[in-house]
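Here are a few notes on the salt bridges, as promised. Have a look at the model before reading on.

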Amino acid sequence: MHAPVPKQNDPDSHEALLAVLQSAPPTHGVNIRSMSVAPSVVGGASGYALVILLMATLLATVAVAGLMLGSVPIPGGTAVAILANLALGDTLVEPYWRAVHETIVVQTRMPRVVLAALVGASLGVTGMTIQSIVRNPLAGPSILGVSSGAATGAVVVMRWGLLGFGVFTLHISAFLGGLVTLFAVFWVARTGGHITPTRLVLAGVAMSAILSALTSLIVLTSPDPQLASRVLFWTLGGFGTAQWKLIPVPLAALAIGLGVMLVQARRLNLLMAGDESAVALGLNVQRFRQTMFVLAAALIGITVAVAGVIGFVGLIMPHIVRFLVGADHRRALPAVALLGASFTIGADLVARTVIAPLELPVGIVTALAGGPFFIWLLRRDARGLGGSR
C-alpha cells in the first residue's frame, strides 16, 4: 500500500513532506544540499534568540564605531550621549560636547551609518531570496549581473539627462535595468527547462561583462567631461554622498521587501525542494518566481541608486546565516538583514579609515572580502559543479 498523500492545505504536512524531499539527493546538477539541509550551529528558539541578540549587539557596536571614527575622532561616550540627547532632549541628557561634534555625528556620520545599514540589509535579504528562487548557492546580485544592470540603467539616465522626476528617475531606471538583466541571465542559463549552477554563473559573468562594456561606451561617447567621475561612483559604490533626504526611499523599500519575503517565507522554503515538489504542494512556481524576481530587482535597483554597486554582500551573508541558524527563511531572513547591515557598516568604516584622510570605495572593500569567499565556495562545490553541463 502507498503512504497517504498529505493534504495540500495542511501546513504541517507541507513541512513534513518538505523535510523528506530535502533529504533526497539534489537533481539536475543543482547542489542545494548545502543550502537546505546543512545543520545549523544553533537549534531551538532559545539558540536562535541568542544569535539574533548577538547580531543586534554587533550591529549596535559597529554603528557606534561608525559615529566615532573619522577625520575628527569623537569619543564613544560622547557619540552615544549625542544620540541620547537627540532622542530624549536636553532635560534628561544635558549637552556637554562641542556643537561641531554634534553636527558631525547627526548630519554627517549618522546618515551614512543608517544608509549603509539599509543597503547591507537589503542586499543580504535579496541575495538569500535569489539563491532560493534559483536554488543555487552561488547566485547573488553581483554574481548574476543584476547590480551591473541596475548601474547601467542609472548611467543611461545620467548620460542623457532624463531626470524628469529627480532622484526617483534614478530609482526607476536602476530598477528596470536590474529587472531586465535578471530575466536575461535566467533565460540564458535555462536549458531543457532546468538551470545548472555552471550556466547560471557563466551567464551572470557574461552579462556583467556586456553591461560593463556598454557603460564604458556610454561614458566615452558622452560630451560631459564630468560623467566619468560620476559613473565611477556607480561602478565602485560608496556612502560618501549620504544625506537624510536619501533615507526614506531605501527604508520604505527594505520594510516592504522584507515584509513580503517574510510573508512568503514558507513558499521560499518549498522552492528549495525543487519545482516539481513545490508544484505538488500547490505552489504556482512560475508566478511566484516572477514575483520574487521583480521584488529582488526593485530592492537592488534602489540600493544601486543611492549607493552604487556594492558586490558580494548578497553572496557572503546568506551562507554565514544558514550556517548559524539554518535555511528556514522565517528564521534566516531577519538574521541576514542584521548581519548584512553590520557587514556593510564595517566595510564603510574600513573604507574611510584604512588610508585616511583619503577614502576607498566601499565596493573595493567588499570585493576584497567577497572574492576569496566566492573562490572558496567554488572549490567546495567543485565536485558537484563538475557534473553539471
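Which residues are linked in a network of salt bridges? They are R112, D348, R352 and E359.

1. Some ground rules. This is a predicted model, where local features need pLDDT of at least 70 and side-chain atom pairs count only at pLDDT 80 or more, while totals for chains, interfaces and linings use all residues. Residues are numbered from 1 along each chain as its sequence is written, and side-chain values use heavy atoms, leaving out hydrogens and water.

2. The count. A salt bridge here is a side-chain nitrogen of Lys or Arg within 4 Å of a carboxyl oxygen of Asp or Glu. That rule gives four salt bridges.

3. D348 with R112. Their side chains pair up at 2.9 Å, N to O. This bridge links distant parts of the chain, with D348 in helix 15 (residues 329–353) and R112 in helix 5 (residues 99–133), 236 residues apart. Helices are DSSP runs of H or I, at least four residues, numbered from the N terminus. D348 is buried at 2% relative accessible area, and R112 is buried too, at 9%; buried means under 20%, exposed over 50% and partly exposed in between, with a 1.4 Å probe and protein chains only.

4. D348 with R352. D348 also bridges to R352, at 3.4 Å from N to O. These two are four residues apart in helix 15, so about one helical turn separates them. R352 is buried, with 10% relative accessible area.

5. D328 with R330. The closest N and O atoms of this salt bridge are 2.8 Å apart. D328 is partly exposed at 22%, and R330 is partly exposed at 36%.
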